[in-house]
Amino acid sequence: RDQPRSRGLGDVYKRQLEPYDLCHKVVLIEDMDGVQYLLYPLRELQTKQWISKVVPVKDAQGNMKTRKLDVYGPICLSGTTTKEKLYEDNANRCLLLHLDNSEAQQEAIMAYQRKISAGKIDTNTEDEATSLLQNVQRALQPIKVINPYAEALKIPAKSFKPLRTNQHYLQFIETVTWYHQYQREEQADKETGEIYIETTLEDIEVANHLMKEVLLTKSDELPKAIRDFFEQLKEWLKEEDQTSFYSKKLRAHFRMYPMKANRYIKTLEQYGYLKKAGGNKKKGYEYEVADWNEYDQLKEGVNILDELLNDLKNTQNKGKS
């Protein structure tokens, strides 16, 4: 028999959505560039958790009539793109995860590909791990989470869109607690009788470990790809014991296409991270780094997560003694 085809967002969009078609669904977008017409309603679903539109539809006789269309969330939206700045309105509603493009990661992937080709990968073990993860998800139940430490927590001061970022941080901690629901004691609200579990300092520690890189990226005005390039550039200059460089030599070292290298250099110059130190348009310009320590200072701002957590641990220990 033919295998059932999974229903994509495009299929749902082409027919008329029923009110709860997307409620508690995971919406996966493989390439954000292909669904630009859907991004605005998806943003509304993320923010308000429901949308209401008036749309024209044809009746049985082919006459156009207007119909009010209500669609309810919440939804979990996951998408991929290489143009995070282009989709900034969507990006600041999400947690951004970036690919590891380091040489070590690329070598690990290629080694795995070689093992697959050589027949040395136990696919049954991989399938068992996948099934275990799916079954763990099925065992989780809806339950309210209360974070008694929430008022003492803060995000890095330089975070862009701090209101949304702060909400993401708190919700992520609640999610970590929710995943540990069978390791947390259930409690009952004295007034309403509602069952809930409480966040522990261990949950906050796990969340901080997982969120540090995300919050650092959200605090950085540079896109992640350009930031990685800039940090590699600074490391290269330190190894060469130089303070300046020409774009031609840079392209040769990093094996970059001229257009890509020039775009990165231009962006860094516009943001004030690089400045011209000499040269000319004909022979090429010489560039130097304007500030070598700015990223270290940005990282120090993220350390507030651990500092506040340590304060909470010390307070808790004093209370027990």
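Colour the chain by pLDDT, the predictor's confidence in each residue, from 0 to 100: the average is 87, and 93% of the residues score at least 70. This is a predicted model, in which local features need pLDDT of at least 70 and side-chain atom pairs count only at pLDDT 80 or more, while totals for chains, interfaces and linings use all residues. Residues are numbered from 1 along each chain as its sequence is written, and side-chain values use heavy atoms, with hydrogens and water left out.

Select residues 1–10. Here pLDDT stays under 50, and the model has eight contacts beyond four places in sequence for this stretch (contact means heavy atoms within 4.5 Å).

Next, select Asp203, which sits in helix α7, residues 201–219 (helices are DSSP runs of H or I, at least four residues, numbered from the N terminus). Asp203 is buried, at 1% relative accessible area (buried means under 20%, with a 1.4 Å probe and protein chains only). Show the residues around Asp203: beyond four places in sequence, its contacts are Val176, Thr177, His180, Arg184 and Glu198. With Thr177, the side chain of Asp203 makes a polar contact of 3.1 Å (a pair of N or O atoms within 3.5 Å, one able to donate a hydrogen and the other to accept it; residues adjacent in sequence count only if both atoms are side-chain atoms).

Last, select Asn101, Gln106, Gln232, Phe254 and Lys260. Of the 18 residues lining the second largest pocket, these lie nearest its centre. α8 gives the most to that lining, with five residues.

How values were computed:
Helix = DSSP H or I, 4+ residues; strand = E, 2+ residues; numbered from the N terminus. Buried < 20%, exposed > 50% of the residue type's maximum accessible area, 1.4 Å probe, protein only. 1 Å grid on protein atoms, 1.4 Å probe; cavity = no way out; pocket = protein on both sides within 12 Å on 5 of 7 lines; lining within 4 Å.
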